[in-house]
Amino acid sequence: MPALPLDDSARAASSPAETEGGFGVYIHWPFCLSKCPYCDFNSHVMRDVPEDAYVDAIIRELTYFRELSGPRTLTSLFFGGGTPSLMTPQAVTRLIDAVAGLWHVPQGTEISMEANPTSVETAYLKGYKSGGVNRISLGVQALSDDDLRFLGRLHSVGEALQAVKLARDVFERVSFDLIYARPAQTPAAWRRELEEAISYAADHLSLYQLTIEPGTAFEKLFKAGSLLPPSADDAATLYEVTQEVCAKAGFGAYEVSNHAKPGAECRHNLVYWRYGDYAGAGPGAHGRLSVEGKKIATETERLPSRWQAEVMRAGHGLTRMEEIAPAEQGDEMMMMGLRLSEGVPLARYEKLSGRIIEEKRLLLLEKDGLITRRGGQLYATARGRMVLDKLLGELLV
């Protein structure tokens with residue numbers, strides 16, 4: 001594992017000033033009841049998880065990250081996966097208490113958990129809330145039983161909507177995910193489905209275009225010609241329908257794929273997109289931390305059993321811990337920040353990267369209708385956000 005030139009005393013004494021973007025903690029629970037064919041996340045099908053042992057290991061790794069980060073004030077805590085709602089409320093409470101003992105957690109700090117409709121039970125939801133969770137994100141994915149089967153989901157539409165209702169009865173902040181641009185999906189059908197979803201939504205929706213990710217079951221079907229997603233033009237039309245329907249309902253597109261009522265934006269994801277710091281614990285988790293003036297990237301071992309063994313041996317399961325060069329920091333910040341409707345402060349890009357984007361390049365992109373500038377802030381236009389990879393390629397030369 002690459003190592004930074006920091007000794008233990010320097011890590012323990014490190015107390016950096018709060019960085020722009022905030023500070024989050026991400027906890028990865030990699031276990032699922034089944035593997036969805038579109039999913040490229042680090043998830044593993046395992047039904048009899050030794051929960052206490054894995055929680056012990058996560059707490060041990062979090063303690064190591066506290067030594068790296070120094071004292072910080074938490075912006076958000078996020079339980080992702082995998083399926084973290086397969087954990088018992090007791091396990092979740094232990095982890096929240098551990099985070100609160102390592103960093104300062106102000107009253108009202110966002111604590112989010114991903115959950116699947118198949119694993120949502122009233123008793124568990126109330127237990128999660130009692131333990132400190134205050135925001136739930138449900139993996140609904142579709143409001144069509146045929147498409148749920150196509151996506152490999154284990155729940156029905158009825159079960160999904162019941163889960164949304166249960167979550168809203170317990171939590172003030174509830175989000176759920178949908179995947180669109182599914183094979184043969186028409187704009188009219190997606191409009192109806194999205195309008196129905198909004199009628200059940202609380203304050204936040206995550207709406208993702210179906211992407212054929214490397215190494216997934218869908219990639220094999222795609223290569224074999226058995227899976228035909230919409231063309232780029234058809235997907236763009238579906239994206240435009242998404243923006244129109246959500247805007248009409250008051251769900252602003254604060255990020256390319258995320259829509260929320262004012263004030264309901266996911267604070268944890270904003271830490272990522274604003275290029276803040278975050279500690280990522282658990283198998284296959286990634287992180288970005290400021291340590292003694294350096295920005296470091298961390299990654300942990302993906303295989304749960306190997307990760308657990310490494311944590312118990314060394315105090316962490318890191319496979320990567322290396323400094324991010326200034327130019328790369330600027331590029332990462334720009335790549336994340338242009339996804340946001342609030343844009344990117346050019347002065348921060350210049351400070352991080354040590355580079356200035358040529359005025360003629362900015363003027364050309366403005367002329368092409370891909371960016372706008374106001375008060376030192378750089379924004380991707382609606383058109384620019386649709387071709388973000390192309391925009392970044394022309395901007396970050």
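These legends walk through several close-up views of one predicted protein model.

Local features are shown where pLDDT is at least 70 and side-chain atom pairs only at pLDDT 80 or more, while totals for chains, interfaces and linings use all residues. Residues are numbered from 1 along each chain as its sequence is written, and side-chain values use heavy atoms, with hydrogens and water left out.

**View 1. The protein splits into two domains.** Domain 1 covers 23-272 and domain 2 covers 344-396; these bounds come from an automatic or database domain assignment. Between their C-alpha centres there are 30 Å.

**View 2. Lys295 and Asp277 meet in a salt bridge.** A salt bridge here is a side-chain nitrogen of Lys or Arg within 4 Å of a carboxyl oxygen of Asp or Glu, and the model has 23 salt bridges by that rule. For Lys295 and Asp277, the N to O distance is 2.7 Å. Lys295 sits in strand E13 (residues 294-300) and Asp277 in strand E11 (residues 277-281), so this pair links distant parts of the chain, 18 residues apart. Strands (E, at least two residues) are DSSP runs, numbered from the N terminus. Lys295 is buried at 6% relative accessible area, and Asp277 is buried at 0%. Buried means under 20% relative accessible area, exposed over 50%, and partly exposed in between (1.4 Å probe, protein chains only).

**View 3. Arg320 reaches Glu299.** The closest N and O atoms of this salt bridge are 3.2 Å apart. Arg320 belongs to strand E14 (residues 318-323) and Glu299 to strand E13, so the bridge ties together parts 21 residues apart in sequence. Arg320 counts as buried at 18% relative accessibility, while Glu299, at 23%, counts as partly exposed.

**View 4. Arg306 pairs with Glu301.** Here the closest N and O atoms of the salt bridge are 3.7 Å apart. Glu301 counts as buried, with 14% relative accessibility. Elsewhere, salt bridges with shared partners join Arg72, Asp277 and Lys295 into one network.

View 5. Strands count as paired if DSSP finds at least two bridges between them. E15 (residues 344-345) runs antiparallel to E17, joined by two bridges, with Pro345 opposite Gln377. E16 (residues 371-374) pairs with E17 over four bridges, also antiparallel, and Thr372 stands opposite Tyr379. The hairpin of E16 and E17 has two residues between the strands, and Gly375 takes a positive phi near 55° there.
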